[in-house]
Amino acid sequence: MYQGKEDFLYRWEHPVQNTASSDQFEPLKKLGTGSFRWVVLVRHQENCGHNTIKILNKQDNCRLYLVMEYLPGADMFSHLRRVGRFREPHACFYAAQIVLAFQYLHSLDLIHRDLKPKNLLIDQQGYLQVMDFSFAKRVRGCTWTLCVTSEYLTPRDHPAQRLQQSRGLLGPGGAHLRDGRGFPALLR
């Protein structure tokens with residue numbers, strides 16, 4: 001874990017200049033949509049590898065394109081919609097993975113700020129990957145900004161409160177309750 005943190009800190013402090021352009025990618029299929037974004041599966045023209053491009057509509061009529069590794073699988077929300085709810089052993093397995101992932105992110109001083117089933121990918125082997133870091137922030141201590149889907153906002157994370165890294169660990173409880181019971185934890 002120490003080496004991973006060193007690698008992260010180096011990359012954070014020495015960002016690589018991106019030279020990709022949209023004409024390098026061939027759109028194959030729309031994978032999903034959201035309020036201000038959509039995700040497209042693409043093939044890179046030069047190396048024929050697959051990627052996903054997340055396209056975000058910004059307020060100034062511009063678009064931000066995020067090119068990411070393509071990970072086959074489906075988000076947790078889609079799985080829940082199909083099966084209704086997870087059995088307790090599966091819910092516990094996923095909750096443990098979420099806690100470990102956020103423990104690692106917090107060791108890097110990163111706060112995700114948008115944990116929900118749609119942002120958790122279940123890969124073909126059944127393991128989770130945290131997705132959508134568009135609201136993530138590097139914070140040492142606390143922050144006053146709140147970025148979260150309202151269904152998953154915990155009562156003590158009222159917008160007037162400072163947010164600390166430790167509060168990000170309440171999110172897995174909300175996601176876990178939805179996993180185990182089939183509905184958002186705070187909407188009854």
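**A pocket and its sheet**

Tutor: Let's go to the second largest pocket, where S1 is the top contributor to the lining, giving four residues. Bear in mind that this is a predicted model, in which local features need pLDDT of at least 70 and side-chain atom pairs count only at pLDDT 80 or more, while totals for chains, interfaces and linings use all residues. Residues are numbered from 1 along each chain as its sequence is written, and side-chain values use heavy atoms, without hydrogens and water.

The volume here comes to about 650 Å³ (the space filled by probe spheres set on grid points, which are joined across faces, edges and corners). A pocket is an open set of points on a 1 Å grid over the protein atoms alone where a 1.4 Å probe fits, with protein on both sides within 12 Å along at least five of seven lines; lining residues have an atom within 4 Å of a point. By that rule 24 residues line this one, and Leu-31, Gly-32, Val-39, Asp-75 and Lys-118 sit nearest its centre. Two or more lining residues come from each of S1, S2 (37–44), S3, S4, S5 (73–75) and helix H2 (76–83); these are DSSP runs numbered from the N terminus, helices being H or I of at least four residues and strands E of at least two. Sorted by class, the lining has 10 nonpolar, six polar and eight charged residues (Asp, Glu, Lys and Arg are charged; Ala, Val, Leu, Ile, Met, Phe, Trp, Tyr, Cys and Pro nonpolar; the others, Gly among them, polar).

Now for the strands themselves. The open sheet runs S1-S2-S3-S4, with antiparallel pairing (two strands pair if DSSP finds at least two bridges between them). S1 (25–33) and S4 (63–69) are the edge strands with a single partner each, so one side of each has no neighbour in the sheet.

Follow the order across. S1 and S2 run antiparallel and share seven bridges; Lys-30 pairs with Val-40 in S2, and the hairpin that joins S1 to S2 has three residues. S2 and S3 are also antiparallel, over seven bridges, and Arg-37 faces Leu-56 in S3. Five residues lie between the strands in that S2 and S3 hairpin, where Cys-48 takes a positive phi near 60°. Then S3 (residues 50–57) meets S4 through seven antiparallel bridges, with Asn-51 opposite Glu-69 in S4.

With a relative accessible area of 18%, His-79 is buried (under 20%; over 50% is exposed and in between partly exposed, with a 1.4 Å probe and protein chains only). Neighbours within four places in sequence aside, His-79 touches Ala-74, Gly-84, Phe-86 and Ile-122, contact meaning heavy atoms within 4.5 Å.

For contrast, glance at the largest pocket, with about 930 Å³ of space. It has 22 lining residues, and those closest to its centre are Phe-8, Leu-66, Val-67, Met-68 and Phe-133. Helix H1 (2–13), S4, helix H3 (88–107) and strand S8 (128–130) each supply at least two lining residues, with S4 giving the most at four. The classes in this lining are 15 nonpolar, three polar and four charged residues. And S4, remember, also gives two or more residues to the second largest pocket.
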